[in-house]
Amino acid sequence: MKVPYRRVVMRTLTFWTLTLTAGWVIAESNRVTFPTALDQLVHYATVKRGQSTEHMLTSQAAIDAVKKGQPVPNGTHVVLVDYRDAKVFRYFVMEKGSNWGADYEPKRRTHDWQFQAFKPDRTINLSENSARCQSCHQSQETEQYLYTLNDLRQSK
């Protein structure tokens with residue numbers, strides 16, 4: 001039986017729409033934005049893991065608050081820049097906003113922090129699962145959900 005061209009095109013489009021939609025399930029939508037002024041953030045720590053060199057960046061306001069024993073302010077971005085072979089491989093961004101924790105069920109919250117992965121071109125990386133970031137950072141509740149809080153306290 002000969003299938004009309006239009007039906008083949010529609011089936012193909014439907015397949016790709018379902019495929020792309022299924023891919024989006026991995027990366028949940030959230031409120032995290034890529035920092036518009038990345039070059040104005042302060043480098044406060046470097047972590048080496050195998051072939052990866054990670055530079056940690058945040059705002060001076062966040063550093064000042066932590067040094068005073070205050071919470072990291074809303075609107076703060078904490079950026080992990082992952083370098084491989086001296087080139088940016090990816091970015092991981094934590095951003096804190098007022099009442100952002102309410103976007104998730106209580107057992108999944110990291111106070112008001114949300115997480116997103118970005119590609120080197122700074123577009124959202126749809127293959128990364130931000131729920132995994134939340135899960136890991138939940139263990140740092142006493143450290144404002146940051147693995148590098150002590151680095152912030154000690155930064156210049």
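Modeller: A salt bridge is a side-chain nitrogen of Lys or Arg within 4 Å of a carboxyl oxygen of Asp or Glu. We're on a predicted model, where local features need pLDDT of at least 70, side-chain atom pairs 80 or more, and totals for chains, interfaces and linings use all residues. Numbering runs from 1 along each chain as its sequence is written, and side-chain values use heavy atoms, without hydrogens or water.

Biologist: OK, how many salt bridges do you get by that rule?

Modeller: Arg-90 and Asp-82 make one of them, and Glu-105 and Lys-107 make another. Run over the model, the rule gives a count of 8.

Biologist: What's the N to O distance for Arg-90 and Asp-82, and is Asp-82 buried or exposed?

Modeller: Their side chains meet at 2.8 Å, N to O. The cut-offs on relative accessible area are under 20% for buried, over 50% for exposed and partly exposed in between (1.4 Å probe, protein chains only). Arg-90 goes down as buried because its value is 19%. Asp-82 has 0%, so the label is buried.

Biologist: And Lys-107, buried or exposed?

Modeller: Its salt-bridge partner is Glu-105, at 3.7 Å from N to O. Glu-105 sits at 45% and so counts as partly exposed. Lys-107 has 67%, which means it is exposed.

Biologist: Which residue does Glu-143 pair with in a salt bridge?

Modeller: The closest N and O atoms of that pair are 3.7 Å apart. It links distant parts of the chain, 10 residues apart, with Glu-143 in the loop between H3 and helix H4 (149–154) and its partner in helix H4; helices are DSSP runs (H or I, at least four residues) and strands too (E, at least two), numbered from the N terminus.

Biologist: How far apart are the C-alpha atoms of His-111 and Glu-141?

Modeller: His-111 is in the loop between S4 and S5 and is partly exposed, since its relative accessible area is 45%. Beyond neighbours within four places in sequence, its contacts (heavy atoms within 4.5 Å) are Lys-96, Gly-101 and Tyr-145. Glu-141 is 30 residues away along the chain, yet the C-alpha separation is 8.2 Å.

Biologist: Last one: what relative accessibility does Thr-76 have?

Modeller: Thr-76 lies in the loop between helix H2 (60–67) and S3. Neighbours within four places aside, it contacts Thr-58, Ser-59, Ala-62, Met-94, Glu-95, Lys-96 and Trp-113. Thr-76 counts as buried because its relative accessibility is 3%.
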